Amino acid sequence: MRCTNMKSTNTGKWMLLLGCFTALPLPVNANEDEHFNRVIERAQELAEHTYQAPEESLPPALQDVNYDTYRQIRFAPEKAYWRDESLFNLQLFHSGFIFQTPITLNIIENDTVTPLPFSSDDFQYDDDAQALLEQDLTGSGHAGFRLHYPLNNEDYADEFAVFLGASYFRLTGQGQTYGLSTRGLAIDTASPEGEEFPAFREFWLYKPGADDDEITLLALLDSPSLSGAYRITLHPGEQTDAEIDARLFARSDIAKLGIAPLTSMYAFGEASDERPDDFRPQVHDSDGLLIHTGANEWIWRPLSNPKNVHTSSFVDDAPNGFGLMQRQRNFDRYLDMEAQYHLRPSQWVAPIEPWGAGHVELVEIPTPDETFDNIVAYWVADEPLKAGESRKLHYHTYTLNGVPEAHTLGQVIRTRHGTANIPGTGVDNALKRQFIVDFQGGQLNDIAADQPVELEISTQAGEVSASHVMPLPDNAWRASFRIESHNEPSDIRLRLMLNGQPISETWNYVWYPDA
């Protein structure tokens with residue numbers, strides 16, 4: 001049992017229940033729906049009372065562990081739970097370093113709930129970390145966990161999911177390495193008041209059977225503004241899928257509730273205005289935001305590493321999905337054998353129950369290098385979540401290498417821009433820019449070079465000139481144009497058309513002349 005706030009008040013009994021996440025146990029014997037309903041009840045009960053932050057109550061030996069020492073604490077693979085009983089196995093993360101608040105873990109087997117206690121025997125303490133074994137580690141708890149499954153061959157259980165820190169979790173599919181992250185929720189991201197980070201406080205993992213190819217877990221989420229109950233069903237494979245079924249209960253009004261948030265990194269790429277002194281041509285976990293609107297339009301927005309925070313909204317009604325994509329998958333686009341950015345997954349979000357009116361929001365934050373995640377995308381409903389209200393969420397989020405199957409249009413494969421000055425004229429116009437956007441694939445594979453392909457282009461600011469479309473080798477097509485803007489951002493949209501119908505996705509880009 002892990003308690004957080006034991007303050008005695010005239011409602012001291014209730015405060016005790018809030019402070020001890022295991023003080024309200026799930027039914028010992030129950031089916032999956034009954035377990036989930038009980039977590040929903042707990043989330044609702046929490047939301048009816050003042051938020052109580054969990055205390056950082058690690059043993060003193062772990063409170064000041066630095067990064068290097070923390071890396072020397074590793075879970076012992078031979079101690080993996082279920083490794084001889086299932087295709088899945090479970091491994092744990094030690095608390096310490098930045099993980100000062102342990103989570104509570106439980107296993108559900110044959111509908112019976114059993115707590116999973118901390119044991120130092122589960123871990124290897126190497127080098128400087130060996131000294132920790134001489135200390136009292138009682139109360140250490142776990143920082144998170146990871147799940148393994150034979151993704152790439154039958155003889156090895158690959159790590160495919162990790163839950164570690166706040167409400168963050170990461171997924172990989174076949175042949176992929178970890179890249180972007182997803183979160184349970186995002187609250188007030190890029191807001192003047194500051195962002196709130198909800199956290200998963202307790203998990204219940206259903207022990208998988210010997211031949212199961214999916215695993216289900218329940219999670220209790222809590223934060224100052226709301227509480228929530230989550231049921232997450234993970235199906236690892238070529239496209240590792242997480243089906244999210246959640247109930248949210250608001251303690252207070254929430255100005256901006258980010259649904260299905262994806263967090264990634266973009267340091268520099270082919271369209272970057274400034275590049276570091278680096279042998280690698282590109283460094284990013286994701287290179288663009290893809291949106292499938294409720295009106296069946298596919299929109300591609302290349303990502304950037306801006307000088308100032310940029311927030312973009314894509315207004316929609318009942319979107320079909322969105323995702324942060326790593327579209328460029330050739331090694332020669334990155335030349336990085338250590339980070340292997342060409343193997344980072346794309347991730348798609350698709351509602352199971354319609355989301356209604358709202359907008360996809362993209363936040364791009366300046367970052368000096370690749371060590372910081374600086375890209376966030378999520379859905380924000382027009383209908384706010386107010387104190388005392390609840391909301392149901394049901395959606396898929398899954399990894400992929402290409403694009404969703406429904407996307408059959410030509411895709412942007414390259415965005416480049418540079419000076420629009422004409423060599424030899426001596427004219428220097430810093431407010432004019434030349435862009436080229438190349439498309440390939442989808443319907444373009446069946447269109448001959450002599451077909452009357454047209455360019456549809458528009459901008460909310462700036463003057464477009466010299467717009468042109470031409471065929472390229474390998475069934476590719478190039479759109480080119482110049483734009484002039486007088487110190488005002490230009491929001492540009494273009495797509496390829498044939499006989500009045502779109503044959504490519506819509507390329508959307510914001511050019512900042514002062515960049």
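**View 1. The lining of the largest pocket splits into 25 nonpolar, six polar and seven charged residues.** Here Ala, Val, Leu, Ile, Met, Phe, Trp, Tyr, Cys and Pro count as nonpolar, Asp, Glu, Lys and Arg as charged, and the others, Gly among them, as polar. This is a predicted model, where local features need pLDDT of at least 70, side-chain atom pairs count only at pLDDT 80 or more, and totals for chains, interfaces and linings use all residues. Residues are numbered from 1 along each chain as its sequence is written, and side-chain values use heavy atoms, with hydrogens and water left out. Of the 38 lining residues, Tyr70, Phe93, Ile98, Phe99 and Leu164 sit nearest the centre. A pocket is an open set of points on a 1 Å grid over the protein atoms alone where a 1.4 Å probe fits, with protein on both sides within 12 Å along at least five of seven lines; lining residues have an atom within 4 Å of a point.

**View 2. The second largest pocket holds about 660 Å³.** That volume is the space filled by probe spheres set on the grid points, which are joined across faces, edges and corners. Asp273, Ser304, Asn305, Pro306 and Lys307 lie nearest its centre, out of 33 lining residues. By class, the lining has 15 nonpolar, seven polar and eleven charged residues.

**View 3. Serine 313 and the residues it touches.** Contact (heavy atoms within 4.5 Å) links serine 313 to His359, Val360 and Glu361, leaving out residues up to four places away in sequence. Serine 313 counts as partly exposed because its relative accessibility is 44%, between the cut-offs for buried (under 20%) and exposed (over 50%) with a 1.4 Å probe, protein chains only.
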